[in-house]
Amino acid sequence: DSTMRARDIAVLSTGINPYLPALGHAFRKYGVPYFSDIRVPLCSHALVTLIRTLLLCSVYGINTDRLLSYMKCGLTDYTLDETSLLEQYLFTWDTDGKDLCSPFTRSPSGFSQNNADDLMKLEKIESTRKKAISEISAFMLEVKNASPKTISTAIYNALKTCRAAENMKCNTGLLEDDALRSEQQRIWDTVMDILNKMAVCTQSAQTGTQYYLNVFSQAITKADLGTVPYGLDNVVTGDADRSRLTGIRAVFICGAYEGNFPKIMTDSGILSSSDRRIVSLILEQKGSALDPSGDKAAAQQRFIAYSALCTASQKLFITYPRASYTGDEYQQSSLSDRIARMFGITPLSYEDTDPELYASSPDSAAALYAKLYSCKDEYPELISALDQVLTDHGMTSRINTVRRIAGNEPFEIN
């Protein structure tokens with residue numbers, strides 16, 4: 001359809017993450033702009049790692065792993081050379097615990113006499129150790145038996161001391177993508193917002209870094225970050241339960257196999273579905289609520305599948321894999337099978353499609369040419385057409401490479 005634009009198309013699934021690598025490769029291969037509507041967790045970001053490391057040190061003390069995690073997070077001023085020298089010394093002498101707070105005097109080379117080079121290295125190592133330990137110890141002293149508000153303030157002061165904001169901006173400046181730079185700024189704003197809420201909402205709560213660490217970890221676990229579309233004309237890929245799309249003309253449903261579309265909800269935890277119904281009735285009388293029972297959750301999943309199927313205004317494509325990467329066989333979902341019988345549609349497999357469909361861009365044409373060249377006698381017209389297309393796009397070197405491989409000719413470097 002020549003009137004169909006990228007923004008008129010959506011790819012949906014009840015669990016899109018396993019398909020994202022393959023979808024991204026296919027879109028890039030065929031030159032199709034796309035946007036993945038996914039949420040990125042914050043718990044693995046360098047800023048969160050830095051804050052958690054400081055809190056862990058204040059709760060459990062400084063050890064080798066936490067010291068190196070602090071220095072290696074990428075938001076402190078320690079260079080790779082400084083960190084490497086200190087790490088080598090720590091593992092050479094198996095230094096940990098209280099020994100980290102004492103001056104380093106042993107040879108960096110192990111059981112040998114200190115020469116001039118060793119003395120220079122030892123001086124650098126000791127200077128690095130002293131600086132890192134003093135920064136962490138200052139934070140530990142400030143948050144000892146402190147209130148959540150004081151701890152939030154101490155965290156911000158520690159980030160200023162190690163120049164985390166400046167280093168984060170410096171790292172962001174190395175990124176060529178404006179969207180990625182904007183994402184880093186939103187990560188900083190989100191974490192600062194969590195620290196502010198911790199200070200405000202827990203003013204009268206229990207004090208101590210252990211309590212603060214637990215609450216902060218829970219808050220970070222629940223926090224995630226969405227991505228911003230790079231342009232206005234993109235194919236949208238996302239989870240069916242999160243996507244709220246309008247004006248979509250064509251929808252591709254991925255993973256429509258039995259048990260996944262719609263998802264089959266299983267009982268988990270102590271209470272079964274019948275137990276949850278009974279407890280839910282009791283709690284409703286007392287003005288409380290319980291998470292949906294298995295029946296309600298299953299109804300929600302059916303509604304999500306129905307909403308995804310009804311998103312398209314013109315064309316709907318339902319796909320499912322025959323097997324998983326581990327070899328487990330999949331069956332077509334009862335919902336998609338019912339739709340196929342309702343409209344008298346015969347499902348198509350990959351082998352039933354015309355190979356020409358997979359040559360809509362120069363790169364995809366080159367890939368198809370390489371795939372079919374070994375059986376060129378079966379597709380003489382298609383091979384000839386692909387040969388001409390690749391020649392017109394200045395890709396004769398790839399043509400020659402395919403022919404040379406097919407003919408088992410030796411490679412030569414001119």
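The dialogue below takes terms used for this predicted model and tests them against their definitions.

Tutor: This is a predicted model, where local features need pLDDT of at least 70, side-chain atom pairs count only at pLDDT 80 or more, and totals for chains, interfaces and linings use all residues. Residues are numbered from 1 along each chain as its sequence is written, and side-chain values use heavy atoms, with hydrogens and water left out.

Student: What is the phi of aspartate 94, and where does the residue lie?

Tutor: Phi is near 50°, a positive value in a residue other than glycine. Aspartate 94 lies in the loop between α4 (80-92) and α5 (116-143). Helices (H or I, at least four residues) and strands (E, at least two) are DSSP runs, numbered from the N terminus.

Student: How do you know which class asparagine 145 falls in?

Tutor: Asparagine 145 has 67% relative accessibility, so it counts as exposed. Its phi is positive too, about 55°, although it is not a glycine. Asparagine 145 sits in the loop between α5 and α6 (148-161).

Student: What makes the peptide bond from phenylalanine 261 to proline 262 stand out?

Tutor: That bond is cis, with omega near -5°. Proline 262 is in the loop between β6 (250-253) and α10 (273-285).

Student: Which residues are closest to the centre of the second largest pocket?

Tutor: The second largest pocket holds about 330 Å³ of space. Of its 21 lining residues, the closest to the centre are Pro262, Arg302, Ser334, Leu335 and Arg338. Two or more lining residues come from each of α11 (294-309) and α12 (334-342).

Student: What makes it a pocket and not a cavity?

Tutor: On a 1 Å grid over the protein atoms alone, a cavity is a set of points where a 1.4 Å probe fits but cannot get out; a pocket is an open set with protein on both sides within 12 Å along at least five of seven lines, and lining residues have an atom within 4 Å of a point.

Student: Why are α14 and α15 called oblique?

Tutor: The axes of α14 (residues 380-392) and α15 (residues 396-406) come within 8 Å and cross at roughly 140°. Under 35 degrees is roughly parallel, over 145 roughly antiparallel, 65 to 115 roughly perpendicular, and the rest oblique. Therefore α14 and α15 are oblique to each other.

Notes
Buried means under 20% relative accessible area, exposed over 50%, partly exposed in between (1.4 Å probe, protein chains only). Grid points are joined across faces, edges and corners, and a volume is the space filled by probe spheres set on the points. Axes are lines fitted to C-alpha atoms, for helices over the stretch in contact, and angles run from 0 to 180 degrees between N-to-C directions.
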